[in-house]
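Student: I am new to this structure. Could we go through it in short steps?

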Amino acid sequence: MLILGIESSCDETAAAVVSDGSKALSNVIASQIAIHEQYGGVVPEIASRKHMEAILPVIERALDDAGVSIRDIEGIAATRGPGLVGSLLVGLSAAKAMACAARLPFAGVNHIEGHIAAIFLADKKPSFPFVALVVSGGHTHIYRAGGVGDFQILGQTRDDAAGEAFDKAARMLNLGYPGGVVIDRLAKSGNPAAVRFPRAMKGSVDFSFSGLKTSLLNHVKGRGEAVSPEEMPDLVASYQEAIVDALVEKTLMAAKDASIPRVVVCGGVASNSRLRERFFAEGKVAGIEIFIPQPVFCTDNAAMIAVVGDHLLRTGRHDSLDLNAVSRWPLN
């Protein structure tokens, strides 16, 4: 089965063709980073306008890269939510229009379920059940995944998401946007033990990053002078280590508590090199098998949406063409 996936939940316009829910024949992503960088974050109105400009060329490129036409496609899947409604409506409307015109079945997909399903595009795939950490700019949740569409929250952030903590720190330190990418790069040459930052909610599988952000602010203000370029790698490496410590420790704790020896780490922050390194190393020590998608499938993409769409359409779960976008859509 060939599925065309479409994703436009935030600031990336994406389309992909996936075969049998496991092989990406194409994966096209049009980024808006250069546009939103000057604002230090995504501006929803600008994002939706740029999606309108990019959506059709991106879909056409995805079909061309896969070497297929719309006549070869057997179903269409698009992100319904959660996300920015203005952005979601662009991809969802394009998907519904194509499904109507080509008389193809259509499915609206949960963006977070898509992130988890991205692991099924990898060569090494987990079996159910597994524990999934979804970690991005808007989400930091630990789920028990009992099967496709079967999710239970084990832990979640009580304030900022991990990606949000990265972005806010980068803005505070005038490092640029997107913050997580900049901090990951700088931290490679820094000492993660140079500055001791707090680790909140020890012993719990819930997260809190607002205190960490405040601690960074107090550290910078307490200096009485700007952080020098020579000191910056140590500072951001220490800050990053506090976030990584919490993510790794609490996720492995949740897996042990649930007696599940398999963990999937997904979402945009899962492309962070230090997080990947720590999970693989500490998972091995704990006897827990770690699964992380390739970085290109960690950030927002349409291939992950097509994977979920493949399952939905195979099991006869079609959506009508009056399906609307939703800004909030809890996975459980």
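Student: Where is the place of Ala 15?

Tutor: First, a word on the source: this is a predicted model, where local features need pLDDT of at least 70, side-chain atom pairs count only at pLDDT 80 or more, and totals for chains, interfaces and linings use all residues. Residues are numbered from 1 along each chain as its sequence is written, and side-chain values use heavy atoms, with hydrogens and water left out. Helices (H or I, at least four residues) and strands (E, at least two) are DSSP runs, numbered from the N terminus. Ala 15 has its place in strand β2.

Student: Is Ala 15 buried or exposed?

Tutor: Buried means under 20% relative accessible area, exposed means over 50%, and partly exposed lies in between (1.4 Å probe, protein chains only). The relative accessible area of Ala 15 is 0%, so Ala 15 is buried.

Student: Which residues is Ala 15 in contact with, leaving aside its neighbours within four places in sequence?

Tutor: Contact means heavy atoms within 4.5 Å. On that basis, the partners of Ala 15, leaving aside neighbours within four places in sequence, are Gly 5, Asn 27, Val 28, Val 58, Ile 59, Ala 62 and Ala 302.

Student: How many Å lie between Ala 15 and Leu 4, C-alpha to C-alpha?

Tutor: In sequence, Ala 15 and Leu 4 are eleven residues apart. In space, the C-alpha to C-alpha separation of Ala 15 and Leu 4 is 7.1 Å.

Student: Which residue is the bridge partner of Ile 6 in β2?

Tutor: Two strands pair if DSSP finds at least two bridges between them. Strands β1 (residues 2-7) and β2 (residues 12-19) run antiparallel, joined by six bridges. They form a hairpin, with four residues between them. In β2, Ile 6 has as its bridge partner Ala 15.

Student: How many residues of β1 are buried?

Tutor: In a regular strand the side chains alternate between the two faces of the sheet. In β1, one side holds Leu 2, Leu 4 and Ile 6, the other Ile 3, Gly 5 and Glu 7, and both faces are covered. The buried count for β1 is six of six.

Student: Why are the buried residues of α5 on the same side?

Tutor: Helix α5 spans residues 162-172, and its buried residues are Ala 162, Gly 163, Ala 165, Phe 166, Ala 169 and Ala 170. The arc is that of the directions from the helix axis to the C-beta atoms. These residues sit on the same side of α5 because they cover an arc of only 160 degrees.

Student: Which element gives the largest share of the lining of the largest pocket?

Tutor: On a 1 Å grid over the protein atoms alone, a pocket is an open set of points with protein on both sides within 12 Å along at least five of seven lines, a cavity is a set where a 1.4 Å probe fits but cannot get out, and lining residues have an atom within 4 Å of a point. The largest pocket holds about 1,400 Å³ of space, where grid points are joined across faces, edges and corners and a volume is the space filled by probe spheres set on the points. Its lining has 44 residues, and those closest to its centre are Cys 10, Ser 136, Gly 137, Gly 138 and Asp 300. The largest share, five residues, comes from α5.

Student: Which residues line the largest cavity?

Tutor: The structure holds one cavity of 30 Å³ or more. The largest cavity has about 40 Å³ of space. Its lining is Arg 199, Ala 200, Lys 202, Asp 245, Ala 246, Glu 249 and Lys 250.
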